[in-house]
Amino acid sequence: MSDFQQYLNFNEEENKRRQLEVYADTHISALAARRIAAISAPQQWLVLGEPFCPDCRVFVPFVQKFAELNPNIKIKYVARKNYHERSRFDSDEQQKLVVETHNIPSLFRIENDTTRLVLKEFPEFFKQRAEQAPDQKDQLKADYRAGKFNEELERELVKLFTV
């Protein structure tokens, strides 16, 4: 599995540059930072994603910045293009789950040798909005990718990390 620097190299330089631009523009609120910093038990997470993906570009900076705020949070990155390589996973079961999920970004929690999917492609708040307004889904995606829902994304991710 890969760390953030290796994740940035999953694709061409242009995708790396774009991911880093979004990363630099992503800010964690003071409340979220306090809640993430207060996590006292070690956590392991797996992110299936790639820098070319506009949804990953929005999502990954939050997860990575959480890990930077708290050394108890460990993030492993796997590229969808590499998920058939067994060496990238802790177990056959973990690899099978990731391959079956295959949407990017996806977030998995690893606990006691068990991996479980906690977020697939879009956060729940976004899925609910898209379901309520299916005729506006393209605009909602554009707004999400432009960072207009970053506060909601941050709130949802903080809940996932602090449960």
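Helix axes here are lines fitted to C-alpha atoms over the stretch in contact, and angles between them run from 0 to 180 degrees between N-to-C directions. Helices (H or I, at least four residues) and strands (E, at least two) are DSSP runs, numbered from the N terminus.

## The model

This is a predicted model: local features need pLDDT of at least 70, side-chain atom pairs count only at pLDDT 80 or more, and totals for chains, interfaces and linings use all residues. Residues are numbered from 1 along each chain as its sequence is written, and side-chain values use heavy atoms, with hydrogens and water left out.

## Helices H3 and H8

Helix H3 spans residues 30–37, and helix H8 spans residues 150–162. Their axes come within 10 Å and cross at roughly 15°. H3 and H8 are therefore roughly parallel to each other (angles under 35 degrees count as such).

Which residues of H3 meet H8? They are Ala32, Arg35 and Ile36. On the H8 side, the partners are Glu154, Val158, Phe161 and Thr162. Contact means heavy atoms within 4.5 Å.

## The nonpolar core

A nonpolar core is a set of buried Ala, Val, Leu, Ile, Met, Phe, Trp, Tyr and Cys residues joined through side-chain atoms within 4.5 Å. Buried means under 20% relative accessible area, exposed over 50%, and partly exposed in between (1.4 Å probe, protein chains only).

The largest such core has 45 residues. Those with the most contacts inside it are Phe59, Ile73, Ile75, Tyr144, Leu157 and Phe161. Helix H4 (residues 54–69) gives the largest share, eight residues. Leaving aside residues up to four places away in sequence, Ile75 touches Ser2, Trp45, Val47, Val63, Ala67 and Phe161.

## Gln64 in H4

Helix H4 also holds Gln64. Is Gln64 buried or exposed? Its relative accessibility is 10%, so Gln64 counts as buried. Gln64 touches Phe4, Tyr23 and Tyr77, not counting residues up to four places away in sequence. Lys74 is 10 residues from Gln64 along the chain, and their C-alpha atoms are separated by 9.0 Å.

## The two faces of H5

Helix H5 covers residues 92–101. Its buried residues are Gln94, Gln95, Val98 and Thr101. They span an arc of only 130° around the axis, which puts them on the same side of H5. The arc is that of the directions from the helix axis to the C-beta atoms. Their cover includes strand E1 (43–48), strand E3 (106–111) and strand E4 (114–120).

The face turned away from the buried side carries the exposed residues Asp92, Glu93, Lys96 and Glu100. Just after H5, His102 takes a positive phi of about 50°.

Note on methods. Parallel < 35°, antiparallel > 145°, perpendicular 65-115°, else oblique.
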